[in-house]
Amino acid sequence: MSAALPIPVIQFLQVATIGVAAPGVSGVIAKVEARLQGRRGPRVLQPYYDLAKLLHKEALAPEGASWVFLAAPVGAAACYLTVPLLIPVLTSFGLPLGYMGDILGGGLILALASFLVAIAASETGSPYAQLGASRAKTFSAITEPVVLFVIFVVALVTGTDLPYALAATVRSSASQIVRPAHLLAAAALFMVILAETGRIPVETHTGTNEFGMIEEARPFEHSGPYFALLKWGSWMKQLILYTILLNVFVAPWGLAATAQIGDVALAIVALVGKAVVLGIVVAVIDNSFAKLRLFKITEFVSAAFLLAVLGVFTLYLGGG
Amino acid sequence: MSATAAVAAPSVYSGGSSVIALGVLLAEFGMFRQALLRDQVRLYAVQSGLISVLAILVAAVRHLPDLYVLAALSAALKVVIVPIVLRRLLRGIGRAGEDEPAAGWTEIAGSGSLSLANTVLLAIAVAAFGFFSVRALNIRSAVLPITALEISVSVVLVAFVLMIMRRDVASQAIGFLSLENGISLAALVVAAGLPLILEVAFLFDLLVAVVVFELLIRVHHGRAESLSTADLTSLRG
């Protein structure tokens, strides 16, 4: 029980936790959502079965698509497996590779993954995939200023832009939690995450053929193992964003303070538990609001922008 | 790693009171979003309630028992009476319109010139002006953090944007009433120790404003058969 894990093992466990738990968290959300709608819903483990099924299927590429089409899902999945190295997934102390990149570095890798999926979608001749790719790029360009202002808040609060530093600051005292800048930035980030993971005010993530599709439309032409990688990637992206919100902004408790096996195991359970709670909140939001019309999404994003900008104002003027 | 550049956290009390004051400002921004007058009135009630909560917080922490009375009076007036009066007024107008029942409930005239997202951006710029201009005045307050005063000025300015952007009489009236909420917030910061009788006198001024607005809305609706002020511009020669 008291044996300490070698640091590289913990580093690997961070990636493994995100990769293995991501489909499960998504399964829980789908189940809760179905229960709230009075349906029985799929099994919690359904995403794993889906992945297993897709991995055994044949992969097809549309005629005329180049190697980019097939390389992109692999590249995107690799990006999503890199980000967990940079953020506090399991430990409250920084791991050696955690200082490879700051919040901007993590954001860059996430953006790269989304870019790869978008160019793969535009490799195909499918209007749906291209429409999804162009919409996804348009709306991520709109949400970008919000993310920037959230990062400004982090930078002003901690003096650095390392995610570990903000988590430590939030843990340090109650006054750090109720300060307006922190609450505003966390709320703005939550709204961005709703938009980025394709949740209800922005996009319905269940139905397939719909004109409101953004993220969901991009992998239309992929099949077999490549489609499995894209699915897995979007689940990992969801869990990564949840982890950033939870372990950096909202609830950085339950992280392992030492490298003891018990602490790290507890941290894994705590992370999955917190992600499930957040997922239930998201499912409730999914069921209580209507999807916005495509051209009304700017209103949603402008509300998030308002929160993030007010966060910077209150900080800059000394009150936050 | 230089942690010296970090902005120190305010105390729990001043952080919490800033959050409540920010809630007032966010409610003001929320009024841009509301498409129904009924929702706007409800948001006004929430905003007024937040100010009462802030007054109670100040009273408890700074030991100013007068403020409890003020908070109770303000809540009774602005959370209960004014919304009821406004609702009854709008419902009456809705019923007077012949066929469409409750037209006054749904009819709201947007700006027509700017989209909602752009309006919010404009209001952010105006609010920023409020923040930075008060900061330049260098005022200190004994009872509340100065952020609350900055926010109150922003609330007043954003309420002006709301009144300018909306083209129906009823939401202009609500914009004016919420402007008064911003002034109450400023009063809490700079003059929490003001004699109770003065503060109450200000509160009853609000009642007069409501009566005047009721009259204006009725007269306008009687003449133009709608709440929109668009008809007024056509009178220009």
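Trainee: Which residues is V150(A) in contact with, leaving aside its neighbours within four places in sequence?

Mentor: V150(A) is in contact with A185(A), A188(A), L189(A) and A308(A), once neighbours within four places in sequence are left aside. Keep in mind that this is a predicted model. A contact here means C-beta atoms within 7 Å.

Trainee: Which residues of the largest nonpolar core touch the most other members?

Mentor: That core has 174 residues. V146(A), V150(A), V153(A), A185(A), A188(A), A304(A) and A308(A) touch the most other members.

Trainee: What does the model score for ipTM and pTM?

Mentor: The ipTM is 0.83 and the pTM is 0.88. In chain B the pLDDT averages 80, and 86% of the residues score at least 70. One stretch of chain B, residues 97–106, has a pLDDT below 50. Beyond near neighbours in sequence, that stretch has 16 contacts in the model.

Trainee: How many helices and strands does chain A have?

Mentor: Count the elements before the details. Chain A has 11 helices and zero strands. Its radius of gyration is 19 Å, close to the 20 Å that the globule rule gives for 320 residues, so chain A is as compact as a globular protein of that length. Along its principal axes, the C-alpha trace spans about 55 × 50 × 40 Å. Of the 320 residues in chain A, 52% are buried. Contacts between residues at least 6 apart in sequence tell you about the fold too. In chain A, 78% of these join residues at least 24 apart.

Trainee: How many helices and strands does chain B have?

Mentor: Chain B has nine helices and zero strands. Buried residues make up 44% of its 237 residues. Among its contacts between residues at least 6 apart in sequence, 73% join residues at least 24 apart.

Trainee: Now a single helix. How many of the residues of α8(A) are buried?

Mentor: Buried means 20 or more other C-beta atoms within 10 Å. In α8(A), 16 of the 17 residues are buried, so the helix is largely enclosed by the rest of the structure. Helix α8 of chain A covers residues 180–196 and reaches 24 Å from first C-alpha to last, close to the 24 Å expected. Just after α8(A), G198(A) takes a positive phi of about 70°.

Trainee: What is the phi of H63(B), a residue other than glycine?

Mentor: Most residues other than glycine have a negative phi. H63(B) has a positive value, near 55°. It lies in the loop between α2 (37–62) and α3 (66–96) of chain B.

Trainee: Does H63(B) count as buried or exposed?

Mentor: H63(B) counts as exposed because it has 8 C-beta neighbours inside 10 Å. Compare I297(A), in helix α11 of chain A. I297(A) has 23 C-beta neighbours inside 10 Å and so counts as buried. Beyond neighbours within four places in sequence, I297(A) is in contact with F139(A), V202(A) and L292(A).

Trainee: How many residues does the contact take from chain A and from chain B?

Mentor: The contact takes 25 residues from chain A and 30 from chain B. On the chain A side, α5 (127–158), α7 (174–178), α8 and α11 (297–316) each supply at least two residues. The largest share on that side, nine residues, comes from α11(A). Then sort by class. The side of chain A that touches chain B has 12 nonpolar, 11 polar and two charged residues.

Methods: Residues are numbered from 1 along each chain as its sequence is written. Chains are lettered from A and ligands numbered from 1 in the order in which they are written. This is a predicted model: local features need pLDDT of at least 70, side-chain atom pairs count only at pLDDT 80 or more; totals for chains, interfaces and linings use all residues. pLDDT is the predictor's confidence in each residue, from 0 to 100. Two residues are in contact if their C-beta atoms, placed from the backbone, lie within 7 Å. Helices (H or I, at least four residues) and strands (E, at least two) are DSSP runs, numbered from the N terminus. The radius of gyration is taken over C-alpha atoms; the globule rule is 2.2 Å times the number of residues to the power 0.38. A residue is buried if 20 or more other C-beta atoms lie within 10 Å of its own, exposed if 12 or fewer, and partly exposed in between; C-beta atoms are placed from the backbone. The expected span of a helix is 1.5 Å times one less than its number of residues. Ala, Val, Leu, Ile, Met, Phe, Trp, Tyr, Cys and Pro count as nonpolar, Asp, Glu, Lys and Arg as charged, and the others, Gly among them, as polar. A nonpolar core is a set of buried Ala, Val, Leu, Ile, Met, Phe, Trp, Tyr and Cys residues joined through C-beta atoms within 7 Å.
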